[in-house]
Amino acid sequence: MYTVDNIKDMKLETQIDEAPEIVEQMSMFDEAPDFRLHSKYRKGVFRTRKELVDSLKEEGRDKIYHVLSFGGGTQSAHLMEQHLRGEIHYDYIVFSDTGAEPQFIHEQVAWWQRRQQQVGNKTPFIITHHNKITGGLEEMLMLWIHTDYQRFQMPVYCATLNRTTGAIKPAGMLPRQCTVDFKINPVKRAVRHAVLERHGLKSNQKMPENIGFVIDIGFSYDEIRRINTDQSPQYQYIRLAYPLVEENLTTADSIRFLEENHFPTRRSRCYLCPFNCDGDRDIGMDWDEIIEIEPLSFLKACWFDNEIRRVQLTGTKVMNSVPYLHYSRRPLQEVYAIQYGHLADRYASSLNDWIKRWRTQIEWKWKKEIVA
Ligand code: SF4
């Protein structure tokens, strides 16, 4: 799945702000992985699970809850299986629904829930979502498109437009804020509520001083660049751990493990995720899979892709660059023109119903004037 070359390509195009780290990332593929040698660990950007537990205990937190942030894809499934085999302890497993995962990821989540039951594991499995934008990324985008809402929380590819010639020039990417807002933060809130309830407290009460949390995130060693901290900015008593990184395991290692055990291996992501690739940029998440398995979702992604550019060009948004969902910075429906041509008419009615439903819902829920 991952190869050194396609990871290099992806980084050079999409992570242009991280050039010094890219060099380090690239060189780490030349030798056996060892997270302890990586600058992120050496500089204290993250610590091991044991070091986090020790730090919580030093603060007088002797009751520590271990949580798996479960994404339904390959890496957190690897951790899930380690848990089911008794190799890693969790008090809670939490899946946060971004509101834009393909149905096949929901099916994979359900598969793991069934496996948990079959092996007799009783760890509470919580499904949650963003506390206000309960419809997830679809709702966030519809809000942004149809109202004066300004917070754009997705890592789109940006370009500057020469209005005279119509030429565009690549201009980096927006941050991957959706992972924090729609995945990690809802997990923190959900376990916080669950533990308060377990201790007979209400969700607005203070966490007892002797309680701490370690939430495991399924980043792999090859994704070490994504680690920015091991400390929750909102809650002093919540720490974030990266056990696959500590095991020096790559994404490919987790996929191999799942394949060897005949477990599902689809990569988790949203159907409209700009990190979907194609052609020789194969990272196991691609537009072809969405087109083939969920054609209507592909058409929704094309619709969003066109709409975010249309709205950005009106000048009403705090977004200076022209956004694209596809890394080529071309309209998605143009990149996949043949497939789009085959599908557009067939699903036109379903797509229009979906657009109308969202407009009605945005108007009703947010009591905002629909401006587009
Ligand atoms: S899969 Fe992509 S779009 Fe979905 S939350 Fe993650 S980065 Fe954002």
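**Helices, sheets and a ligand**

Tutor: Helix H8 (residues 177-198) lies across E1, E2, E3, strand E6 (211-216) and E7, and runs at about 140° to E2. This is a predicted model, in which local features need pLDDT of at least 70 and side-chain atom pairs count only at pLDDT 80 or more, while totals for chains, interfaces and linings use all residues. Residues are numbered from 1 along each chain as its sequence is written, and side-chain values use heavy atoms, with hydrogens and water left out.

Student: What makes a stretch a helix or a strand?

Tutor: Both are DSSP runs, numbered from the N terminus: a helix (H or I) has at least four residues and a strand (E) at least two. The angles, from 0 to 180 degrees, are taken between N-to-C directions of lines fitted to C-alpha atoms, for helices over the stretch in contact.

Student: Which strands does H5 lie across?

Tutor: H5 lies across E1, E2 and E3, at about 130° to E1.

Student: In what order do the five strands of the open sheet stand?

Tutor: The order is E3-E2-E1-E6-E7, and the pairing is parallel. Strand E3 (125-128) and strand E7 (238-241) are the edge strands, since each pairs on one side only. Neighbouring strands of this sheet are turned by 25° against each other on average, direction ignored.

Student: Why do E1 and E2 count as a pair?

Tutor: Two strands pair if DSSP finds at least two bridges between them. Strand E1 (residues 63-69) and strand E2 (residues 92-96) are joined by three bridges and run parallel, so they pass that cut-off. Leu68 has Ile93 in E2 as its bridge partner.

Student: Which strands form the open sheet with antiparallel pairing?

Tutor: Three strands form that sheet, in the order E5-E4-E8. Its edge strands, each pairing on one side only, are strand E5 (168-173) and strand E8 (322-324). From one strand to the next, the twist averages 35°. Four bridges join strand E4 (residues 157-161) to E5, and Thr160 stands opposite Lys169 in E5. H12 lies across E4 and E8, at about 175° to E8.

Student: How do the axes of H5 and H10 cross?

Tutor: Helix H5 (residues 75-84) and helix H10 (residues 251-260) have axes that come within 9 Å and cross at roughly 55°. That makes H5 oblique to H10, because angles under 35 degrees count as roughly parallel, over 145 as roughly antiparallel, 65 to 115 as roughly perpendicular and the rest as oblique.

Student: What is the hand of the crossing of H5 and H10?

Tutor: H5 passes H10 in a left-handed crossing. A crossing is left-handed if the near helix is turned anticlockwise from the far one by less than a right angle, and right-handed if clockwise.

Student: Which residues of H5 and H10 meet?

Tutor: Gln75, Ala77, His78 and Glu81 in H5 meet Thr251, Asp253, Ser254, Phe257 and Leu258 in H10; contact means heavy atoms within 4.5 Å. By class, these residues are three nonpolar, four polar and two charged. Ala, Val, Leu, Ile, Met, Phe, Trp, Tyr, Cys and Pro count as nonpolar, Asp, Glu, Lys and Arg as charged, and the others, Gly among them, as polar.

Student: How do the axes of H7 and H15 cross?

Tutor: The axes of helix H7 (residues 136-146) and H15 come within 10 Å and cross at roughly 80°. H7 and H15 are therefore roughly perpendicular to each other. Glu138, Glu139, Met142, Leu143 and His146 in H7 meet Trp354, Trp358, Arg359, Ile362, Lys365 and Trp366 in H15. This contact divides into six nonpolar, one polar and four charged residues.

Student: Which residues surround the ligand?

Tutor: Leu137, Arg176, Cys178, Thr179, Arg269, Cys270 and Cys273 surround the ligand; a residue is near a molecule if one of its heavy atoms lies within 4 Å of it. This shell has four nonpolar residues, one polar and two charged.
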